[in-house]
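Here is a short report on one protein chain. It goes from the overall fold to single residues.

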Amino acid sequence: MSRLNLLEETRFEKLPVSIYQDQASASKAIAKRIADLITKKNAAGEKTVLGLATGASPVQVYAELIRLHKHEGLSFRNVITFNLDEYYPMQPTSAQSYVTFMKENLFDHIDIDPDNVHIPDGTLPLESIAGFCLEYEKKISDLGGLDLQVLGIGRTGHIGFNEPGSAPNSGTRLVTLDDLTRRDASRDFGGKQNVPTKAITMGIGTIFKAREIILMAWSGKKAEIIKKAVEGEVSSDVPATYLQLSDNVEFVLDAPAASLLTRNDTPWLVKDCVWDGALIKKAVIWLARTLKKPILKLTEEDYNSHGMAQLATEKGPVYNINIEIFNKIQHTITGWPGGKPGADDSQRPERALPAKKRSLIFSPHPDDDVISMGGTFIRLADQGHEVHVAYQTSGNTAVWDDDALRFVEFAIDFGKSQGNDCSALESLYTQMRSFLNEKLPNQSDTAEIQTVKGLIRKGEAIAGARFAGLPDERIHFMSLPFYEVAKVNKKVDYERDIELTMQLLQQVKPQQVFAAGDFADPHGTHKICFDIVLKALQRLKETEDWVKDCWLWLYRGAWHEFEIHEIEMAVPLSPQEVERKRLAIFKHQSQKDKPVFPGDDSREFWVRAEDRTSETAKAYNDLGLAEYEAIEAFVRWRF
């Protein structure tokens with residue numbers, strides 16, 4: 001690509017951006033830049049002064065630096081580091097402290113001098129913090145400033161812990177954390193209520209003085225804030241936009257994090273495109289939604305005035321384009337998610353044959369099936385398909401402690417009412433209460449409490465699946481090992497999980513598999529569960545013929561739906577079916593009202609689910625399609 005073309009393609013971007021296919025390749029590129037800097041400085045007999053970040057973003061960068069140290073002789077003896085931030089108050093030995101993070105992910109594995117490591121002190125008395133911050137700044141200045149500052153970015157747009165409202169010339173200081181930042185950290189602390197409200201952070205002014213600044217971001221979860229930081233106006237509302245004013249900054253992104261940048265999201269606005277079917281569909285839907293017009297009412301003038309003149313010229317007339325895209329969207333709609341028997345399936349999302357399919361729904365947590373695709377689940381069962389559901393994890397972390405006690409109390413009372421000796425259970429109950437009274441934030445439950453919580457969710461899942469129409473023998477509880485192992489060990493081997501999944505697939509031999517397609521958080525349970533299913537299917541495809549006729553459909557949860565142009569199967573629900581789905585969700589009583597991990601959204605799960613599906617239905621209607629009460633959406637994954 002010529003420099004002129006690149007400038008045109010990136011004209012909405014106000015700072016340099018490098019995009020890599022995935023996090024691993026991007027992380028290696030950043031690590032190489034750091035290593036090259038250290039090597040150059042070492043050769044000149046100079047110290048390298050690095051500003052370091054914490055969180056999920058730099059983990060693979062640090063892993064590659066460790067590899068370079070152990071296997072390629074990269075030495076950190078002349079490296080001095082300054083970390084961006086630390087929670088306040090925070091003990092350095094706490095599992096959530098950034099001291100612990102840096103030791104586990106970098107410092108304990110390289111030859112850095114501990115005296116050269118600087119991390120804000122979360123144990124200081126309040127009156128000493130101002131003096132400490134001034135001294136932190138002085139140490140950096142006395143060393144000639146930071147050679148390279150590595151940054152992540154929070155969903156508020158914070159860099160370090162410089163939250164919205166931070167000044168561009170701010171220095172190291174004590175700050176109050178944004179509520180969204182605390183919610184994002186809540187899982188690490190066992191609930192938002194345990195996340196510190198304050199932190200000590202290096203200031204934006206301090207960061208700006210670095211000779212090089214690299215901001216990294218991975219996954220679609222960061223795409224929205226990246227677009228604001230790169231293409232938005234400079235504003236204290238998004239502190240990362242201040243980096244647009246620096247001549248020394250570069251954003252390093254993986255493809256999902258860069259997905260909403262104009263050059264990727266709406267490329268027709270910045271360059272000529274190769275107009276394949278998928279891009280045409282996306283562009284026409286974008287145009288209709290931008291203009292708030294049905295697809296069949298779009299005109300040539302609409303195309304020409306919104307960056308789509310090339311499409312109109314090459315593929316027009318535009319009315320023919322409109323009709324083609326309208327028909328494609330219409331053909332995604334089906335009331336027969338298992339295929340319609342005896343029908344021409346050439347324009348339908350699912351095959352007509354076999355008329356009665358074996359369908360296997362994988363549910364990462366015990367309620368994802370009914371929350372995400374409850375209407376489709378019920379319809380598949382109603383239409384006579386052999387539907388199976390597999391709950392991949394116990395979901396026991398998402399049960400309140402007092403619910404666990406309540407169920408054991410019930411078991412004791414019931415046992416006594418039947419004349420049974422409940423002394424052993426009463427002893428266990430006493431131990432449980434004692435443990436829970438002293439339980440620390442984010443501390444793992446005892447094995448007995450985990451079992452009780454898992455049984456609570458198992459019972460709810462059985463009730464929900466039965467309500468959907470399944471016999472008990474088609475309800476499978478996988479209890480994949482990774483879910484429990486990950487609570488005590490950050491390094492997880494998923495081989496056993498894959499083997500168990502292969503065994504279930506071999507048992508059922510489904511023609512349809514449904515799996516969670518929420519990939520925004522690459523470290524989330526949904527993404528891990530999908531990867532396990534995909535690897536199992538890929539391995540089986542090499543040896544078993546039935547897999548070649550097995551289709552994999554993705555669904556999404558209660559938070560975000562697929563984009564309209566991505567949807568390949570849209571299952572409309574009547575008002576009665578929406579109510580049946582709601583009642584299935586209600587079977588999961590431990591997740592009603594206020595779940596343990598509610599995420600960003602205060603609405604109950606059933607409300608989120610209904611709002612999401614009604615919004616999808618409205619989007620179809622706005623494009624000129626039929627008006628439905630709700631639509632559940634699916635995308636086919638061709639493995």
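How many helices and strands does the secondary structure of the protein chain come to? The count is 23 helices and 17 strands. Helices (H or I, at least four residues) and strands (E, at least two) are DSSP runs, numbered from the N terminus.

## Basis of the model

This is a predicted model, where local features need pLDDT of at least 70, side-chain atom pairs count only at pLDDT 80 or more, and totals for chains, interfaces and linings use all residues. Residues are numbered from 1 along each chain as its sequence is written, and side-chain values use heavy atoms, with hydrogens and water left out.

## Overall build

Along its principal axes, the C-alpha trace spans about 85 × 80 × 45 Å.

Of the 639 residues, 52% count as buried. Buried means under 20% relative accessible area, exposed means over 50%, and partly exposed lies in between (1.4 Å probe, protein chains only).

## Surface and charge

The accessible surface comes to about 28700 Å², and carbon and sulfur atoms hold 51% of it. Areas come from the Shrake-Rupley method with a 1.4 Å probe; for residues, only the protein chains shown count as cover.

The chain carries 77 positive and 92 negative side chains. Lys and Arg count as positive, Asp and Glu as negative; His and the chain ends are not counted. The centres of the two sets lie 2 Å apart, with each charge placed at NZ of Lys, CZ of Arg, CG of Asp or CD of Glu.

## An enclosed strand

Strand 16 pairs with strand 17 (residues 630-637) in the antiparallel sense, over 5 bridges. Pairing requires that DSSP finds at least two bridges. Valine 571 stands opposite glutamate 632 of strand 17.

## Backbone exceptions

Most residues other than glycine have a negative phi, and most peptide bonds are trans. Glycine 316 and proline 317 are joined by a cis peptide bond, with omega about 10°. Proline 317 sits in the loop between helix 13 (309-315) and helix 14 (318-330). A cis bond also joins leucine 353 and proline 354, with omega about -5°. Proline 354 is in the loop between helix 14 and strand 11 (358-363).

Serine 219 has a positive phi of about 80°. It lies in the loop between strand 9 (213-217) and helix 9 (223-231). Lysine 292 has a positive phi near 55°, in the loop between helix 11 (277-291) and helix 12 (300-304). Serine 219 is buried, at 7% relative accessible area, whereas lysine 292 is exposed, at 75%.

## Around aspartate 265

Aspartate 265 belongs to helix 10 (residues 262-265). Its relative accessible area is 23%, so aspartate 265 is partly exposed. Beyond its neighbours within four places in sequence, aspartate 265 contacts Ser259, Leu260 and Lys282.

Definitions and conventions. Contact means heavy atoms within 4.5 Å.
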